[in-house]
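My entries follow in the order in which I went through them.

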Amino acid sequence: MINLNLLIQQFLNHCKNRKALNYKTIKAYSIDLRQFAEITQNTYSKDAICRYIDQLHICFKPKTVKRKIASLKAFTHYLLVEEIIEINPFNKIDISFKEPVILPKTIPVNVIAGMLSSAYNTHAKAQTDYTKRQTARDIAVLEILFATGARVSEICNLTPSSVDLRNHCIKIFGKGSKERMIQIENPDVLKSLQSYYDLFYEDIQACNFFFVNKLHKRLSEQSVREIICKYTEMTGYDMHITPHMFRHSFATLLLDEDVDIRYIQKILGHSSITTTQIYTHVAMAKQKEILSVKHPRNKIKMSIK
């Protein structure tokens, strides 16, 4: 009989020390596998896995179920490699299920424009150095979210060395410690980033993060959400906007401009084109608009009487 809790801990240590996985991935593995051990009463077998999966479908949404099964499969692979088990129980378990397509939520361009306008106007009217500095940072955050389509964690973890304003290039460290380079060529965006950098130069060098909060520390993901909320309210639009919606909007708007989906995949840092293809469903709305408004048949006035 195997000691499941001990093996889970050994697996988590392996993920941290040998595979150098992101702490969020390790945290998710820990939560999922501890839950598996609790539900199955510390047993690992084909029957235990089947009972666990049945329970997942009762308690969680399909996306969460998919993630938790993936965690268990990763753990199973570790057990096989370490020769703790000889047979993969998943080979005889049907784990397939239909996952509903949930379209990503995007921000209308006029709302993004309104948020940027509010931020720039607030900066222009700032009467103190403190307000001038904070609004310059807010502008830089909003601009870089929309300019790069990067995840909020990627933005918050940018270091001074990863932002090359002279060559208009930003190095982003994504999931799985993968690096990708994103160019920024819009002069207004570059100017906003340079202005922010000049104002916060000492703080940036001291904490070694590009985006800094009022305590001279790394700007948190929650602070970015608060910045977005602040300027959304200023626009007067009744919307709940998250940082990730900038990423969705970035991808969808590029598709609307006929940018090849493989370029978008590379910019977003998706390992699989399948992940990027979700945005093609959103772009269908643009296709409908084009066909209803711009189709040449509209110029031919003829119908059955």
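I began with Lys27, which I found to be exposed at a relative accessible area of 56%; here buried means under 20% relative accessible area, exposed over 50% and partly exposed in between, with a 1.4 Å probe and protein chains only. Lys27 sits in helix α2, residues 23-39, where helices (H or I, at least four residues) and strands (E, at least two) are DSSP runs numbered from the N terminus. I then noted that Lys27 belongs to a positive surface patch together with Lys24, Lys63, Lys175 and Arg225. Such patches take residues with over 30% relative accessible area and no salt bridge, joining like charges within 9 Å and nonpolar side chains (Val, Leu, Ile, Met, Phe, Trp, Tyr) within 5 Å.

Before going on I wrote down the basis: this is a predicted model, in which local features need pLDDT of at least 70 and side-chain atom pairs count only at pLDDT 80 or more, while totals for chains, interfaces and linings use all residues. Residues are numbered from 1 along each chain as its sequence is written, and side-chain values use heavy atoms, with hydrogens and water left out.

For the overall picture, I recorded 14 helices and 3 strands in the protein chain, and a C-alpha trace that spans about 75 × 70 × 35 Å along its principal axes. Of the 305 residues, 40% count as buried.

Next I looked up the salt bridges, defined by a side-chain nitrogen of Lys or Arg within 4 Å of a carboxyl oxygen of Asp or Glu, and the count came to 8. Asp32 and Lys68 meet in one of them, at 2.8 Å from N to O. Asp32 lies in helix α2 and Lys68 in helix α4 (residues 62-81), so this pair ties together parts that are 36 residues apart in sequence. Asp32 is buried at 0% relative accessibility, and Lys68 is buried as well, with a relative accessible area of 4%. I also saw that Asp32, Arg67 and Lys68 are linked in a network of salt bridges.

A further salt bridge joins the side chains of Asp203 and Arg133, at 3.1 Å from N to O; Asp203 in helix α9 and Arg133 in helix α6 are 70 residues apart, and the pair links distant parts of the chain. Asp203 is buried at 14%, whereas Arg133 is partly exposed at 21%. Glu221 forms a salt bridge with Arg218, with 2.8 Å between the closest N and O atoms; Glu221 counts as buried at 14% relative accessibility, while Arg218 is partly exposed at 24%.

Which residues have the most contacts inside the largest nonpolar core? I listed Leu142, Leu158, Leu193, Phe211 and Phe246, in a core of 41 residues, a core being a set of buried Ala, Val, Leu, Ile, Met, Phe, Trp, Tyr and Cys residues joined through side-chain atoms within 4.5 Å. Among the elements that each supply at least two residues of this core are α5 (109-124), β2 (169-173) and α11 (243-256), and α6 gives the largest share, 6 residues.

Last, I checked the loop between α2 and α3 (46-59), where Gln41 is placed. Gln41 has a phi near 55°, a positive value in a residue other than glycine, and is exposed at 67%. Asn42 lies in this loop too, with a positive phi of about 60° although it is not a glycine, and is partly exposed at 34%.

Technical notes. Areas by Shrake-Rupley, 256 points an atom, 1.4 Å probe, with all protein chains shown as cover. Lys, Arg positive; Asp, Glu negative; His and termini not counted. Charge placed at Lys NZ, Arg CZ, Asp CG, Glu CD.
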